[in-house]
Structures are given as structure tokens and as C-alpha cells.
Amino acid sequence: MGQTITILGLESSCDDTAAAVVRSDHTILSNLVMGQDDLHMGFGGVVPEIAARAHAERLDICAKAALAQAGIGLQNIDAIAVTAGPGLIGGVMSGVMFAKGLAVGSGKPIIGINHLAGHALTPRLTDGLEYPYLMLLVSGGHCQFLAVLSADRFLRLGGTIDDAPGEAFDKTARILGLGYPGGPLVEGEAEKGDSKRFKFPRPLLDRAGCDMSFSGLKTALRRASEAIVAEKSGLTKQDRADLCAGFQAAVCDVLAQKSRWAMDEFAARFGTTNFAVAGGVAANKTIGSALKTAALAAGFGFTAPPLKLCTDNAAMIAWAGVERFQASAFDDLTLVARPRWPLDSTAKPMLGSGKKGAKA
Ligand code: KG4
Ligand code: ZN
């Protein structure tokens, strides 16, 4: 491999302002994430306008700190990689405009990165996974099985036709009054609950293929909760825990079963056997271990990047920038911010929308 290159990555497509410096030898020199949970907490979800403003205010602070922590200056990097979509458009625009300013000021090239490609390529940064591999991207805004063939070739094998699982976790937390972000809170409650008390649906499990659906599950949870409230005029701690456990078990079963389908299809088409997961929901211990068990049973290797690199971050954007740099695939100042940007342009569009809108 040629000379080592160093990329500054920037991410602002949802509710995290992030900057990182990553080298082509897989070293992460810095990886900073400035979250916005405090700004959105009172609304039970991300408010796009508030997010965009916060990104515009914080991107320069974050980038400066990432460079300082890496112990280098702007003159020492080879290029600036920035998330150019898909995502909440105000935030993506903040990032792209900031990156253009940096590129003009420093004379460094700019590379626009697809946020989903950032997630999908993370196992190459962390574990040097060889192409092709199967990836399950599962977070608050996306849920899809991808055959990752190269840094810019992805085949979508299936995905959610409505909500993303993380969004369903967040809505469940909102229905039960637990707070935001919902995933870790629901997981905490589920640990104390009986997953068999409520029989929640496992949508599309009776159907072949890798498509999934989570919106009916959320409705079933709301109905079950309302039925208890109507009967007993409130939820006990145990009711909440049991509801969370039942909900989590249903998500887990759907993801594990559909992963089995996806692995079968992937192995038949591509002949290799590596399965990787990324996205915030992959941080869920019950779900993570069910996916690992399914992978090992199918004879697949299993890769789950560390939590910090599974959720939104800029190291993954910088790494995708490394791969694009190595392919001499640069952008210029005409780079545009895109609210929607499917990784696989040949796949049928998603029917519904996730937290960030239908986007993949
Ligand atoms: O990948 P991510 O940081 O952001 C994007 O959506 O792109 O994922 C955030 C999502 C949120 O919906 C959050 O509730 C969910 O991941 N999440 C979890 C857990 N930790 C985060 N869901 C279930 N269990 C968790 N432990
Ligand atoms: Zn993401």
C-alpha cells in the first residue's frame, strides 16, 4: 500500500456534531462527538431546526478540537471528508458548507460521503474486513441488509418498509414516558421484565425475503399499554418492564430471523461468509448476541464494531474518505447536500420513512 494518508472527517446529518482524524493505516487519531440529547429531550425526538442550528454553531469547535487532539494542523491532512447525505437537510448543509469553507481556506480536496456508506465501511476500519461482506445497518433512521461489494458498490438485499427499529425503540420510550433517546432506556427496563407476558407481532416473519416492518409492533405496544391504563388507571413499574421486554424480544426475533434469510441469500450469491452489524440498535446487548448466535449458526464470521463506532461518528466518515481518496474519487465546490441518497440506486425505494425521512 502506498503512502499513509490522513483525513479529517465531519458528520452532522442527524443530532450529533462530530469530527475525527483517521489515517489510512487504520489509526484513529481523534474521534469527537458533540451530542444534542439535551436540546431535543423535551420533544421526545430530534427537532430538525434545532439540530441544524446547533451543528452550525459547533462544527468549527468540534473540528478544531479533533485536530488538536490528533496533534496536527489543517496543513497536515490530505483531504476533508464530509457527510453530504442522506439525513436532516439543515444539518447536512451545515456540514457541507463548513467543509467547503475549510477546503477553500486550506487548499485541501473535499470528498462528499454517503452517511450510510460510512456505517457500512466501518468494519473495514476496525477489523480490516475484506469485500464482499453482508452488513445489517440498524439505527434510528435506517434498517437494511446490504451486500458491501466495494467502497462505492452496495446491493440492498432488503430493509424496513416503514419505521427503523431505533425509531420504534424511541417511540416505545415516549409511549411509556421513559425519556429520550429510547433505546438504552427500553433495554434497561427490558432487563427487569418478562418478555413472554405480552405477545407482540413479528411482522413479515411468515414471508420469505429480507424486508421488515416495525410500525405495527409500535401500535401493538401502544394498545397494550392503553388497555392496562384503562383497566388499572396507570402502569406499574413491572407493567413497563414487561412491555419493554416483550417489545425488545419481538424486534430481536425479527432481526435475527431476517438476518438468517439475508445470510442464506448472500452466501448463495457471493460465496463469502462474513456478517457485520452497525448502527445504534446494534448496541443493544440482547439483539447483538442474537445476531451473533445466528451468524455463527449459519457458519458466518461476525463483526460488530465497538459501540462508539457503531453509533453516529465522524471516524467512519473519515475512513470512507480514505477509501475514496485511494480511488482518487474527489468532489469539488459543486458538492451538494442530499436529504435522500440511496446506497443502492437500483433497489426499489422504501415505502415508509424513518426518523430522518425515507432515504434508502
Ligand atoms: O446510529 P445512531 O446513533 O443514529 C442514527 O439513527 O443514525 O442510532 C441511534 C438509534 C436511536 O434510535 C437509539 O434509540 C437507538 O439507536 N439505540 C438503541 C440502543 N442504543 C441506541 N436501541 C436499542 N438498544 C440500545 N441499547
Ligand atoms: Zn447513522
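Which helices each supply at least two residues of the shell around ligand 1?

## Basis of the description

The model is a predicted one, in which local features need pLDDT of at least 70 and side-chain atom pairs count only at pLDDT 80 or more, whereas totals for chains, interfaces and linings use all residues. Residues are numbered from 1 along each chain as its sequence is written, chains are lettered from A and ligands numbered from 1 in the order in which they are written, and side-chain values use heavy atoms, with hydrogens and water left out.

## The shell around ligand 1

The helices in question are α4 (115-127), α5 (165-175) and α6 (182-190), where helices (H or I, at least four residues) and strands (E, at least two) are DSSP runs numbered from the N terminus. Of the shell, the largest share, 4 residues, comes from α6. In total 21 residues surround ligand 1, and the closest are Gly140, Asp170, Gly183, Glu187 and Gly280; a residue counts as near if one of its heavy atoms lies within 4 Å.

By residue class, the shell holds 13 polar, 5 charged and 3 nonpolar residues, with Ala, Val, Leu, Ile, Met, Phe, Trp, Tyr, Cys and Pro taken as nonpolar, Asp, Glu, Lys and Arg as charged, and the others, Gly among them, as polar. Because domain 1 (6-126 + 308-342) and domain 2 (131-307) both give residues to this shell, ligand 1 lies between them; the domain bounds come from an automatic or database assignment.

## Polar contacts and cover

Oxygen atoms of ligand 1 take part in polar contacts, that is, pairs of N or O atoms within 3.5 Å. A polar side-chain atom of Asp170 lies 2.7 Å from a ligand oxygen, a polar backbone atom of Gly280 is 3.0 Å from a ligand oxygen, and a side-chain N or O atom of Asp312 is 3.1 Å from a ligand oxygen. The protein covers 92% of the 550 Å² of accessible area that ligand 1 has on its own, as computed by the Shrake-Rupley method with a 1.4 Å probe.

## Backbone features in loops

Gly85 and Pro86 are joined by one, with omega about -15 degrees, and Pro86 is placed in the loop between β4 (79-85) and α3 (89-106). Tyr131 and Pro132 are joined by another, with omega about -10 degrees, and Pro132 is placed in the loop between α4 and β6 (133-138).

Ser233, in the loop between α7 (215-232) and α8 (237-270), has phi near 50 degrees, a positive value in a residue other than glycine.

Notes. A polar contact is a pair of N or O atoms within 3.5 Å; within protein, one must be able to donate a hydrogen and the other to accept it, and residues adjacent in sequence count only if both atoms are side-chain atoms.
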